[in-house]
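Please keep the sequence and the structure in view while reading.

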Number of protein chains: 2
Amino acid sequence: MDKITDVNIYKMLSDEIRLKILKMLSIKNMAVGAIVEETGIDQPLISHKLKELRENGLTVSYRSGKNIIYSLSSDSLKRVISVVEDAGNIVDHVCNCVECKENDE
Amino acid sequence: MDKITDVNIYKMLSDEIRLKILKMLSIKNMAVGAIVEETGIDQPLISHKLKELRENGLTVSYRSGKNIIYSLSSDSLKRVISVVEDAGNIVDHVCNCVECKENDE
DNA sequence: TTTACATATGAATAATTATTTATATATAAT
DNA sequence: ATTATATATAAATAATTATTCATATGTAAA
């Protein structure tokens with residue numbers, strides 16, 4: 001398994017499906033089937049994503065009867081997610097200088 | 001150019017070289033040459049990374065004589081970077097239940 | 001003790017992203 | 001004007017990551 005660096009955490013957050021899962025888990029713990037249903041995404045793909053998240057330490061899981069329940073491994077993760085949640089806040093400044101405008105396509 | 005979503009921001013942060021550049025720029029504005037020198041990475045590769053960062057709105061640039069100076073486009077970016085900076089803080093919780101231990105490799 | 005259900009895994013392929021190399025452009029200095 | 005310097009770009013290749021599909025595993029119910 002890989003070492004957990006901030007780059008790895010960003011990697012986990014940088015995939016649409018993984019991020020969607022993390023956001024769902026930041027609201028409530030969920031079984032795999034519920035995630036599959038709520039996202040409409042193929043079960044094996046969801047399982048793969050969950051595996052990545054698990055192996056990188058962002059989620060933990062336990063079995064409950066037939067189901068396996070996933071949850072965020074840490075509350076500080078919620079904080080990170082919410083800090084970037086609204087992308088507009090991050091990249092709100094647009095430079096007005098001539099050169100920058102030329103740089104835009 | 002791509003729309004700026006939180007996934008795109010995470011993508012930009014999820015590459016070792018790009019993250020290194022962003023961290024350097026969060027301390028001071030820098031010319032391309034200075035970034036090349038301080039990282040020891042090939043100039044065209046640095047220029048590529050800077051282009052990605054620019055096109056995704058995380059940095060801005062302007063010309064000053066022969067040099068082109070890059071800086072972060074927004075201070076809130078610094079905040080994000082520092083929130084995740086210490087990965088240990090994020091993934092500090094390790095579940096102790098039997099099933100989770102079985103899951104570990 | 002067979003069948004159904006929930007989830008995981010592995011192998012194959014597809015898609016995306018990173019890196020290199022060679023070259024172009026723009027400014028500045030001679 | 002010519003040359004040097006700083007940076008950017010484009011095309012080719014290499015490397016990584018995502019997705020699909022088929023199948024395995026483990027639990028529970030009949």
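Into how many nonpolar, polar and charged residues does the surface near DNA strand C divide? The residues of that surface divide into eight nonpolar, eight polar and seven charged, where Ala, Val, Leu, Ile, Met, Phe, Trp, Tyr, Cys and Pro count as nonpolar, Asp, Glu, Lys and Arg as charged, and the others, Gly among them, as polar.

The model is predicted, and local features need pLDDT of at least 70, side-chain atom pairs count only at pLDDT 80 or more, and totals for chains, interfaces and linings use all residues. Residues are numbered from 1 along each chain as its sequence is written, while chains are lettered from A and ligands numbered from 1 in the order in which they are written.

**The DNA surfaces**

Helices (H or I, at least four residues) and strands (E, at least two) are DSSP runs, numbered from the N terminus.

| DNA strand | Residues around it | Closest residues | Largest share |
|---|---|---|---|
| D | 22 residues | Pro44(A), Val32(B), Gly33(B), Pro44(B), Asn67(B) | H4(B), six residues |

For DNA strand D, the elements that give two or more residues are helix H4 (43-55) of chain A together with helix H3 (32-39), helix H4 (43-55) and strand E3 (67-72) of chain B. Around DNA strand C, at least two residues each are supplied by helix H3 (32-39), H4 and strand E3 (67-72) of chain A, together with H4 of chain B. By class, the surface near DNA strand D has eight nonpolar, eight polar and six charged residues.

**The strands**

Two strands pair if DSSP finds at least two bridges between them. In chain A, strand E1 (residues 30-31) pairs with E3(A) in the antiparallel sense over two bridges, and Met30(A) stands opposite Tyr70(A). Strand E2 (residues 59-64) of chain A also pairs with E3(A) in the antiparallel sense, over six bridges, with Ser71(A) as the bridge partner of Val60(A). E2(A) and E3(A) form a hairpin with two residues between them, and Gly65(A) in the turn has a positive phi of about 65 degrees.

In chain B, an open sheet of three strands has the order E1-E3-E2, with antiparallel pairing. Strand E1 (30-31) and strand E2 (59-64) of chain B stand at the edges, each with a single partner strand, so one side of each is left without a neighbour in the sheet. E2(B) and E3(B) pair over six bridges, and Arg63(B) has Ile68(B) as its bridge partner in E3(B).

Methods. A residue is near a molecule or strand if its C-beta atom, placed from the backbone, lies within 6 Å of it.
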